[in-house]
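Here is a short report for a first look at the model. Please keep the sequence and the 3D view open while reading.

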Amino acid sequence: MSLNHVRPWRNIYRRKSRQIMVGNVAVGGDAPISVQTMTNTITTDVRGTLDQIIRSAEAGADIVRVSVPDEASARAMKEICRESPVPIVADIHFHYKRGIEAAEAGAACLRINPGNIGSQDRVKEVIRAARDHNCSIRIGVNAGSLEKHLLEKYGEPTPEAMVESGLDHIKVLQDNDFHDFKISCKASDVFMAAAAYQALAEATDAPIHLGITEAGGLTSGTIKSAIGLGNLLWMGIGDTIRVSLSADPVEEVKVGFEILKSLGLRHRGVNIISCPSCARQGFDVIKTVEILEQRLEHIKTPMSLSIIGCVVNGPGEALMTDVGFTGGGAGSGMVYLAGKASHKMSNEQMVEHIVEEVEKKAAELEAATAQAAE
């Protein structure tokens, strides 16, 4: 990540970690922080599952996780992995054979919970299958399913117990000469998760998968995830993230990207800067932003758009954005291009005009990028 020497307070110094591959997606090292989600369809509904995977990928998901609870789901994984546009992580609980079958079916990574996969011998069999099929592993520690001996030792789920669980499982993988792994230590409690991740980041150089598990619904879960993941990412911790919401997986992807975009760690699509509106607004800001968010979903090029209701902050915000619109009077406002006042536009025509200007700017930026690459 390039450093900002003009505004050093924006710099985030990422923790140095090893790099592994999840299919064709690099995780860790200097790779971009990847965004994950998980399907909530019945895995044996192959078409329904693939549809959700494709929609998530179109929204920006780099990796998608699929639950493999039974033998029928493991069989379905073969077609799912073959047709998915992004690498698939097989979510394995309780039965080690599902991990072996998922690796054989083409999963790019196996998510294993050390608290419920079984004996070390069974874990070794899963490791062997992962190695034979070029499959990485995510050690998935969860506060809600810690090993019995750790709960007895610590009395309850604690950050220390979670980290000890993770390090114990890392040792199993390393003792079997397997190093293509990443690790997570999730909790629904933001404080516990943050403390565990900070300790884990100091104890290992493995890539870290960030998540606040069972975060809640769209609104509450977004806020909890933004606080927990945002603070850890700001500290430089985290190589891949999953926002856990009781919502459509596409919403998880959108929230994940917004968290990364707010910290300048990933850039994708239009970043809309808009005011909450007040009695000074020259047009309906809230409705306009809602429409523009939908109309501009197809733009993947990183760029910025300011939609401000009046001239108090509008011109200043427009100075920092690619395209801007500031409300004025008499049913019209000012359009800004590249930070400079360009021309007036009526409120009635503004949405269509802004969409056109954004599309035009996106095409210019794409052409410039392609030319630079040549």
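## Terms and basis

Buried means under 20% relative accessible area, exposed means over 50%, and partly exposed lies in between, with a 1.4 Å probe and protein chains only. Helices (H or I, at least four residues) and strands (E, at least two) are DSSP runs, numbered from the N terminus.

This is a predicted model, in which local features need pLDDT of at least 70, side-chain atom pairs count only at pLDDT 80 or more, and totals for chains, interfaces and linings use all residues. Residues are numbered from 1 along each chain as its sequence is written, and side-chain values use heavy atoms, with hydrogens and water left out.

## Helix α9

α9 is mostly covered, with 10 of its 14 residues buried. Among the buried residues are P249, V250, E252, V253 and V255. G256, F257, I259, L260 and K261 are also buried. These residues pack against β3 (34-38), α1 (46-59), α8, β10 and β11. Contact here means heavy atoms within 4.5 Å.

The expected span is 1.5 Å times one less than the number of residues.

## Helix α8 and its neighbours

α8 covers residues 218-234. Its 17 residues reach 22 Å, first C-alpha to last, close to the 24 Å expected. G221, S225, G228, L229, G230, L232 and L233 are buried in α8. They pack against α7 (190-203), β9 (209-210), β10 (240-242) and α9 (249-262). After α8 comes G236, with a positive phi near 90 degrees.

Two packed helices are described by the angle between their axes and the distance between the axes. Axes are lines fitted to C-alpha atoms, for helices over the stretch in contact, and angles run from 0 to 180 degrees between N-to-C directions. α7 and α8 pack at about 20 degrees, with axes 10 Å apart. That makes α7 roughly parallel to α8, a label for angles under 35 degrees. (Over 145 counts as roughly antiparallel, 65 to 115 as roughly perpendicular and the rest as oblique.) V190, A194, Y197 and Q198 in α7 meet K224, I227, G228 and L232 in α8. α8 and α9 pack at about 35 degrees, again with axes 10 Å apart. Here L218, T222, S225, A226, G230 and L233 in α8 meet E251, V255, I259 and L260 in α9.

## A buried loop residue

L245 is found in the loop between β10 and α9. Is L245 buried or exposed? L245 is buried, with a relative accessible area of 9%. Not counting residues up to four places away in sequence, L245 touches G216, G217, L218, G221, T222, E251, E252 and V255. The C-alpha atoms of L245 and S220 are separated by 8.8 Å, though the two are 25 residues apart along the chain.

## The eight-stranded sheet

Eight strands form an open sheet with parallel pairing, in the order β8-β7-β6-β5-β4-β3-β10-β9. Two strands pair if DSSP finds at least two bridges between them. The edge strands, β8 (181-186) and β9, each pair on one side only. α7 packs on this sheet, touching β8 and β9, and its direction makes about 150 degrees with that of β8.

Inside the sheet, four bridges join β4 (residues 63-67) to β5 (residues 88-92), which run parallel. V66 stands opposite A90 in β5.

## The five-stranded sheet

A second open sheet has the order β11-β12-β13-β14-β15, with mixed pairing. β11 (270-274) and β15 (340-346) stand at the edges with a single partner strand each, so one side of each is left without a neighbour in the sheet. Neighbouring strands of this sheet are turned by 20 degrees against each other on average, direction ignored.

β12 (residues 303-308) pairs with β13 (residues 323-327) in the parallel sense over four bridges. The partner of I307 in β13 is F325. β11 and β12 also pair in the parallel sense, over five bridges. There S274 has I307 of β12 as its bridge partner. Both faces of β12 are covered: M303, L305 and I307 are buried on one side, and S304, S306 and I308 on the other.
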